[in-house]
Amino acid sequence: MSNDITILFLHGFPFNRSMWHGVVARLEGRVAARLIAGNLRGFDGRPIASPVTTMDDFADDIEPVDPRRLIVCGLSMGGYVALTLAARYSDNLAGLILCDTKVTADPPDVAASRQTLADELIRGEKTLADVAASMLPRLLSPATGDELAHEVAAVITSHDVSGIAAAARGMAVRHDSTSLLPKLKVPTLVVCGEDDAISPPDEMHAWANLIPNATFQTIPHAGHISPWEQPELVADAIADFVGQKIVTARG
Ligand code: MLT
């Protein structure tokens with residue numbers, strides 16, 4: 001494989017690039033690709049001015065020099081951004097990896113609760129510690145230890161509320177990507193923690209089947225943040241995908 005391929009790792013909400021460190025460390029020297037995990041806009045601890053960051057705004061911040069040499073790998077909200085990039089660059093991406101994510105838009109009640117959360121955060125009626133406390137029970141597999149739970153909470157509370165509120169509002173208005181799936185010809189890997197309560201394996205497997213060139217893989221002993229919970233297994237899945245699909249497809 002040509003070593004000018006880049007794999008770009010996009011984190012979920014409300015995390016940051018550190019969620020990918022374990023996977024990236026295990027892929028270094030194993031795949032002939034540059035590995036980049038960045039913080040999305042508003043997820044670096046500094047305040048942002050805009051009240052809404054849409055998935056298109058996040059995608060606008062990523063300007064690939066050559067999409068044909070780019071594999072985009074996104075978890076959950078990062079997956080929404082990856083799908084936005086896949087729609088933009090169509091079959092020109094080298095590969096697409098979707099972890100623990102959804103392809104549908106928010107139902108009205110979920111969209112409304114995101115707007116409420118954003119308003120409460122900005123008004124100071126809710127803190128990021130409250131967000132961590134309400135999210136953590138649904139994020140992790142029962143097999144995941146307390147140490148990771150503390151790490152995740154520390155990342156969530158490291159942010160400025162403005163970035164988190166803006167991303168919550170942006171997710172609430174994101175588009176449904178279901179109709180895009182049958183049109184995707186890019187080699188795609190879909191990864192799901194077997195205990196993912198937010199984007200469950202059955203649901204993910206059903207939409208992965210709509211993508212013509214997709215491989216679906218579950219990750220044992222992992223919940224909604226499978227790359228953070230089981231970095232070894234997710235790195236194995238990515239290394240296999242890059243070795244088999246990208247070499248075969250692109251030479
Ligand atoms: C994530 O992990 O990014 C979130 O579950 C996304 C969402 O709230 O839809």
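**Ligand shell and backbone features of the predicted model**

By class, the shell around the ligand comprises five nonpolar, three polar and one charged residues. The structure is a predicted model. The residues that surround the ligand are Gly12, Phe13, Phe15, Ser76, Met77, Tyr80, Arg114, Met171 and His224.

An N or O atom in the side chain of tyrosine 80 lies 2.5 Å from an oxygen atom of the ligand. For arginine 114, the corresponding separation between a side-chain N or O atom and a ligand oxygen atom is 2.8 Å. Serine 76 places a polar side-chain atom 3.0 Å from an oxygen atom of the ligand. On its own, the ligand has 270 Å² of accessible area, of which the protein covers 92%. The space that the ligand takes is the largest pocket.

Serine 76 is located in the loop between strand S3 (70-75) and helix H3 (77-89), and the phi angle of serine 76 is near 50 degrees, a positive value in a residue other than glycine. The peptide bond from phenylalanine 13 to proline 14 is cis, with omega near -5 degrees. Proline 14 lies in the loop between strand S1 (5-10) and helix H1 (21-27). Most residues other than glycine have a negative phi, and most peptide bonds are trans.

With regard to the overall fold, the chain has 10 helices and six strands. Taken along the principal axes, the C-alpha atoms fill a box of roughly 55 × 35 × 30 Å. The radius of gyration of the chain is 17 Å, which agrees with the value near 18 Å that a compact globule of 251 residues would have.

How values were computed. Residues numbered from 1 in each chain as written. Predicted model: local features only at pLDDT ≥ 70, side-chain atom pairs only at ≥ 80, totals over all residues. Heavy atoms only, no water. Near = heavy atom within 4 Å. Polar contact = N/O pair within 3.5 Å; in protein donor to acceptor, adjacent residues only side chain to side chain. Areas by Shrake-Rupley, 256 points an atom, 1.4 Å probe, with all protein chains shown as cover. 1 Å grid on protein atoms, 1.4 Å probe; cavity = no way out; pocket = protein on both sides within 12 Å on 5 of 7 lines; lining within 4 Å. Sits in = over half its atoms within 2 Å of the grid points. Nonpolar A, V, L, I, M, F, W, Y, C, P; charged D, E, K, R; others polar. Helix = DSSP H or I, 4+ residues; strand = E, 2+ residues; numbered from the N terminus. Rg over C-alpha atoms; globule rule 2.2 N^0.38 Å.
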